[in-house]
Amino acid sequence: MFLPARMFAGFGEFTIRDELELARKFDLVIETRFPVVHDPQITGYVRSLVDRLVAAMPPQPFPIKVTVVRNGSMNAFASAAGHITVFTGLMANLDGEDELASVIAHELAHVSERHIAKSIEKNQLIGAGSLLGILAGVLVGSQTKGDGGEALAIGAMAGSRALQLQYSRQNEREADQYGLDFLVAAGFSPRGMVDAFGKIRRLQWLGGGGNVPSYLTTHPGMDERVVYMQERIARLPLSVRERASDNAAFLRAKALVLAWYTDPNTAIAIFSAESHPYPACTAFLGEAIARSRLKQSEAARAGFGKALACGGDDALWKREYGRFAFEYGALRDAAQALQEAVLRAPDDLFALFFYARAMGEQGNHAAAIGALERVAKAVPRDAEVLENLGRQQAAQGMQFEAHLNYAKAFAYRRQFRKYAFHLEKAEALARTEEQRTAVSRAREEVDEYREILAG
């Protein structure tokens, strides 16, 4: 349930509208600093955890938005207006659904208490420009040590430029308290919170407090808070403390994260080990994906064969085999597998994207365009999608649309000379008011994107 913004007015000069606008622009900041994961098999799973937790929360002034980004840091954070960002490193390093849900619950508690908005008001940091500068500075600083580097904790705003937005011990205690409440009310095991923080803390210690991760050091008083959480959990009913966890969906999503977004050799070692927590079919699939990333085509083909033999009725298995077959030129096999994947999972953007490409390679440009337009509507700033859509439109003689999508594709690849060339071509080809409006809208979107980059 989401209530009208006017019911939540009264936070001084930093209004609900201000917060929404800051969140919208901060999403652009995220996209300029991290590759966003669009795989619905991963993002849909994280979204399902968020939805369960939100159902246990009081009404919020904003719908909760979740973004998954590819980064090895073991972290998640809340930004303005109920936007939650989860790093793939968090999913790769936790061991169960309750642990992942507990970290998200903690961040949702910051959202529920509007800690960021209150901190902005307290420090009189009104103005999206100055705030975006601070947030972008934190993001840039978080990447100085590479993909496995220091974790970004937006909640704590680590870094000298952002100290004014730092969470207090009271903020963190409230997030622990309410986060645990949300976790329990949503049906998760409360042990997940202590276990997750323990894993993050242990990895930090093993890393010497530097390269892995700073999440806990930027969330103050962790020793005291862990003891407090343990004491609270001890007072819960035995039936709540001993809740069993069903990790099937978690392991499926984690396997994809490991296979696609971690070192492929490490992933192969995990999936081929004698003892691992994954179902056999999932392990076969994960190893096959990792081997395909290493261009080990024959080993990957054999792995996909084993995976399909035991899990081939699953749309995910069809999708991944279809993607592999497409990349190695087996277009007929790819089209058949991807068509089955799309029919079984119509909202799977990855399956739809590769199905469109397979159709285009076989000359069915109209089918390719229809599929790619659906994908582009869901991910409007994905350069690869826009480029492929433009290519198919050009093949169909849709010159205006092709140039416009090429222009946006080059803009989001930060190749602005090529962007300008294609935008001028599109503008020259525009004949209707609708087309001229589309050119103006694209220019405005890219101008804002470039402004964010410059900040």
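The structure is a predicted model. The chain has 22 helices and three strands. Of its 455 residues, 54% are buried. Contacts within the chain were also sorted by sequence separation. Among those between residues at least 6 apart in sequence, 66% join residues at least 24 apart.

Strand β3 spans residues 83–87. Five of its five residues are buried, so the strand is largely enclosed by the rest of the structure. Its side chains point two ways. His83, Thr85 and Phe87 point one way from β3. Ile84 and Val86 point the other way. Residues on both sides are buried.

Two strands pair with β3. Strand β1, residues 65–69, pairs with β3 in the parallel sense. This pairing runs over five bridges. Within the strands, Val69 stands opposite Phe87 of β3. Strand β2, residues 76–78, pairs with β3 in the antiparallel sense. Here there are three bridges. Ala76 stands opposite Val86 of β3. Strands β2 and β3 form a hairpin with four residues between them. In this hairpin, Ala81 takes a positive phi near 55 degrees.

The largest nonpolar core holds 99 residues. Those touching the most other members are Leu53, Val86, Leu90, Met91, Leu100 and Ile104. Helix α11, residues 248–261, supplies the largest share of this core, with 10 residues. Domain 1 (16–242) and domain 2 (247–454) both give residues to the core, so it lies between them. Leaving aside neighbours within four places in sequence, Ile104 is in contact with Val46, Leu49, Val50, Leu53 and Val86. Two of these partners, Leu53 and Val86, are themselves among the core residues that touch the most other members.

Helix α17 covers residues 349–361. Its 13 residues reach 18 Å from the first C-alpha to the last. This span is close to the 18 Å expected at 1.5 Å a residue. The helix is mostly covered, with 10 of its 13 residues buried. The buried set contains Leu349, Ala351, Leu352, Phe353, Phe354, Tyr355, Ala356, Ala358, Met359 and Gly360. Several helices contribute to the cover over these residues. They include α2 (40–55), α15 (315–327) and α16 (331–344). Helices α18 (365–378) and α19 (383–395) also cover buried residues of α17.

Both ends of α17 were inspected. At its start, a side-chain oxygen of Asp348 reaches to within 3.1 Å of the backbone nitrogen of Phe350. After the helix comes Gly363, with a positive phi near 90 degrees.

Glu445 lies in helix α22, residues 433–454. Its relative accessible area is 35%, so Glu445 counts as partly exposed, a class that falls between the buried limit of 20% and the exposed limit of 50%. Leaving aside neighbours within four places in sequence, Glu445 is in contact with Lys408 and Tyr412. The C-alpha atom of Glu445 is separated from that of Ala411 by 9.9 Å. Along the chain, Glu445 and Ala411 are 34 residues apart.

Terms used: Residues numbered from 1 in each chain as written. Predicted model: local features only at pLDDT ≥ 70, side-chain atom pairs only at ≥ 80, totals over all residues. Heavy atoms only, no water. Expected span 1.5 Å × (residues − 1). Buried < 20%, exposed > 50% of the residue type's maximum accessible area, 1.4 Å probe, protein only. Contact = heavy atoms within 4.5 Å. Polar contact = N/O pair within 3.5 Å; in protein donor to acceptor, adjacent residues only side chain to side chain. Pairing = 2+ DSSP bridges. Core = buried A, V, L, I, M, F, W, Y, C linked by side-chain atoms within 4.5 Å. Domains from an automatic or database assignment.
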